[in-house]
Number of protein chains: 4
Amino acid sequence: MHDVGIKVSGEQNAKSAIGLPLVSRKSERNKIVWVRDVPIGGESAIVMAGPCSVETREQVVETALAVSRSGASILRGGAYKPRTSPYDFQGLGVEGLILLREAGDRAGIPIVTEVMSEEDVEIVAEHADMLQIGARNMQNFALLKRVSRTHRPILLKRGASATVKEWLAAAEYLLHGGNENVVLCERGIKTFDHSLRNTLDLAAVALVKEMTHLPVVVDPSHATGKRSLISATAKAALGVGADGVIVEVHPDPDNAWSDGAQSLTLLGFAEIMGNLTKPVRSLRTPTNVPAFA
Amino acid sequence: MHDVGIKVSGEQNAKSAIGLPLVSRKSERNKIVWVRDVPIGGESAIVMAGPCSVETREQVVETALAVSRSGASILRGGAYKPRTSPYDFQGLGVEGLILLREAGDRAGIPIVTEVMSEEDVEIVAEHADMLQIGARNMQNFALLKRVSRTHRPILLKRGASATVKEWLAAAEYLLHGGNENVVLCERGIKTFDHSLRNTLDLAAVALVKEMTHLPVVVDPSHATGKRSLISATAKAALGVGADGVIVEVHPDPDNAWSDGAQSLTLLGFAEIMGNLTKPVRSLRTPTNVPAFA
Amino acid sequence: MHDVGIKVSGEQNAKSAIGLPLVSRKSERNKIVWVRDVPIGGESAIVMAGPCSVETREQVVETALAVSRSGASILRGGAYKPRTSPYDFQGLGVEGLILLREAGDRAGIPIVTEVMSEEDVEIVAEHADMLQIGARNMQNFALLKRVSRTHRPILLKRGASATVKEWLAAAEYLLHGGNENVVLCERGIKTFDHSLRNTLDLAAVALVKEMTHLPVVVDPSHATGKRSLISATAKAALGVGADGVIVEVHPDPDNAWSDGAQSLTLLGFAEIMGNLTKPVRSLRTPTNVPAFA
Amino acid sequence: MHDVGIKVSGEQNAKSAIGLPLVSRKSERNKIVWVRDVPIGGESAIVMAGPCSVETREQVVETALAVSRSGASILRGGAYKPRTSPYDFQGLGVEGLILLREAGDRAGIPIVTEVMSEEDVEIVAEHADMLQIGARNMQNFALLKRVSRTHRPILLKRGASATVKEWLAAAEYLLHGGNENVVLCERGIKTFDHSLRNTLDLAAVALVKEMTHLPVVVDPSHATGKRSLISATAKAALGVGADGVIVEVHPDPDNAWSDGAQSLTLLGFAEIMGNLTKPVRSLRTPTNVPAFA
């Protein structure tokens, strides 16, 4: 196991005391969730990447090929989009699912996409390898119950104002409904500070890794909303022990139909993948500094 | 420079547009703040460590020797303690300053300690190598003005509910008052989630590094309030590009006079120093996985 | 119109600038939403009251008769309950709807109840006079769209972390979907302070009354979670200009299946109705005090 | 006592269990704090009014005469201003104190003004009838201790991110230091929603009235930051049981040196004083509506 200081002591075992027996960690063994042949929660961290919204065949195929070449293991993309206003672009729907499927197949990587409506669960599960529950629907219990009855692995985003316990309780709904293949995703929470889109809560990732055996990934794109911070925050996510990151990538972010400001270019994504495998900053220690007089 | 993706483009130069000319970054060059012979903001990150409160000679000297042996560059410790209730231990005052000075000298490392009152600035500046402004006093403008007139470097903690701009504006008070040797310290913010003591805001560290040339360090002890998470969150701090971390260490945390739950043991601190120099989790990439069928 | 200082000036008309044309206030005229023969948004404020959950025929009928006798205009009660944990009581479902209907009929007042699932919209609309969208589902856009196609008036609770604009945008989904009979409900937001269950945001009520012509009511029960504060906060709600309040009442709160701590007894509710019609505290003014020497 | 539903039961008496013996309520009897001949916490609520900053003799005298004529009992005004940026107007200092004193004397009402620095406590106490501790200094313990040793009554603003308990603990510092004449002031807290300047926490006022015998007033100006909402929120404050309100008034808000957007005109203040004495909205009750068919 990687060395991020997660210890499972008697204290942690007592965490089933939070009343969530299925998600509570019972041993040091981590759950590995397989998305086709991609293991999440195993020895290595993984990267999911792709556009916020599926817009056109060209856009999503180009992105899929580029991100998989750069090392992404899973293609992400939205066909159904939860939007604050009814006048914003609501996604291509089924057409988007078909394009995303085609793009994933051509790039040779599985796909993950959000499902927003109970009615759409069946069709989305038919096309996608992994179903995403979005932050706004984390406590849409009807949807959780419906999705838990599919055989697809689930990516459960943390609600923007969900406590750690509420997040784990939402996962408990999924396991209780019969689906054990749940990956948690921290994507930033709502706080008083609007310097960035949300406040990325990486300490919660370390805490959740103590409390549950389920894998946890991090979404620095929605957390920060700012392209120039994705590299640093993704690296911090690996540092804190996350099992992967999910980032937004677009061939032409300035003209993206949604979330352009936080999307990486194809080249920017390739650079970040390079940075993620380099060592973090060195530490000044007695072995590399002269003694203090 | 370390590779955390901090770029200084025209966009960032325009940040002086926030109306804080002295703290705004003008170039890629980072400010190095020297605390005696210890550089903060240079090539390597540094670690500050020590007890929450100075309690006894034995306690602080033992801690100082242990943390310096393990690689800490600066000794921290509180002689004046800001406490929510008037009935909590308020610190040893001048006696604490003297003990901390002695401990730092015996360990051969400089010391940092908090000053809470305008009246105490002179005496604290006499004994300590670096003055800390605590989170509760970040907008105590009378204290900021008084401290800015000393010749000691300053560790400016972010207020628990300060926006990034308010934090930088507090630093601007210090530079405007004549003291350029300011190190910013992220220590967690107050949010709706009380799973941990505070919410560690590491993305703000990356943002602030873009906006200012001043060094930024991270305090995972106050941010999380939980010993078992210090290692993971400290590593994340290095991952995001922090110039150092400051952690609480106590020879006997269970009997500490304050903040025991978040204090590391001497041995625990040594282990974390080892972890901080190991690589972060590996990444699953095309070069190390078979192609998807 | 009542005298709470809501003025519709050119400034407010410009509020359609927030991009929500249907909910934006165009004149001083307020929308009146009729729930059968009960007007919400008219000259007088109204009170909705009833148990958190429908438990038994006896419980809900006794409550209905008592609250209507004390002056409640609408009976509330939950048949489908959104619960953080899958192991908590999830509501009686259709059986609960039938009992609530019976209770409302016997008391001679209309009923409002929450609908949580797209699949249940039809059956709930069949039994209830008004449909409630709960705080957790405020951005469940699939549910909003489905409910907007019914002919029932809708009580739209503010999400616990929804901004005023997000709340109004959720209402816009309802109007855009064809249903103009929307009543907004402030029920407390999530903040750093957990002294009470939530933070009641009464200034937002005054702001929303400026921005929209839709009626706004206040739920002091969920906002405070504390029985002894319902009277004072309900009176403040009327003071700020709310069109009504919705409170939880139970014949035996200590044995309620949910939310007992915030439920009023039948007698407590009667007392509060009395208090709500008394004048607020007098003001010391020049006419009633001697001149200062 | 006024009828806002505040009951002192065994439960509330147990509140000394929060470890703050001096501020904890022991009986139904409320503390009355006298500011010269003005009682705060008595039968009638009081109004404090005046400009954010003292700017000129003409401005402060004109305001003082107008607000006292309209019914204000105390004149407020800032001579020392806590400002986020060092480049903002910092107040007139001693000159401002002298002008405020003169204005209060000419209007025949006592004055309250903020003290920000330990060094200024003596001079401010010499000129002002009541000393204000501002929100940013609520946990400036050195200042609290210093102010507690004066003989002036104190207006203690709640910190923008202070919990109820932290606020009461700050008051405990004052009583513990020897000054029993403390008035608490709720002025809005920092939350995720920036629709208004802060989030006015009126339920906390009702809670605090249960927990302590000290008077509590409300500042709708800083809480909302919006002139058009002052009337409605001030009325809500009386509805919730506050012992008074403190509002910003300026002869020419558009040209105020600080906080113009939230300042009332002299005429606007007079209108609000009229509104505050009118009854709140009527309630639809069985006695005034026909039976439901």
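The model is predicted, and local features need pLDDT of at least 70, side-chain atom pairs count only at pLDDT 80 or more, while totals for chains, interfaces and linings use all residues. Residues are numbered from 1 along each chain as its sequence is written, chains are lettered from A and ligands numbered from 1 in the order in which they are written, and side-chain values use heavy atoms, with hydrogens and water left out.

**First stop: chain C and chain A**

Select chains C and A, where 31 residues of chain C are in contact with 31 residues of chain A, contact meaning heavy atoms within 4.5 Å. Together these chains bury about 2600 Å², 49% of it on carbon and sulfur atoms; buried area is the accessible area (1.4 Å probe) that two parts lose on being put together, summed over both.

Next, select C:Glu166 and A:Lys190, which form a salt bridge whose closest N and O atoms are 2.6 Å apart; the term stands for a side-chain nitrogen of Lys or Arg within 4 Å of a carboxyl oxygen of Asp or Glu. Then colour helix H5 (141-148) and helix H6 (164-176) of chain C, the elements that give two or more residues to the side touching chain A, where helices are DSSP runs (H or I) of at least four residues and strands (E) of at least two, numbered from the N terminus. H6(C) gives the most to this side, with 5 residues.

Now superpose the two copies, using least squares on the C-alpha atoms of residues with pLDDT of at least 70 in both: chain C can be laid on chain A with an RMSD of 0.0 Å by a turn of 180 degrees and a shift of 0.0 Å along the axis. The two copies are thus related as by a two-fold rotation axis. To find this axis from chain C, select C:Ser161, whose C-alpha is the nearest to it in that chain, at 3.1 Å.

**Second stop: chain C and chain D**

Show chain D beside chain C, where 78 residues of chain C are in contact with 77 residues of chain D, and where the two bury about 6000 Å² between them, 59% of it on carbon and sulfur atoms. There are 4 salt bridges between chain C and chain D, and one to select is D:Glu210 with C:Lys226, the closest N and O atoms being 3.5 Å apart.
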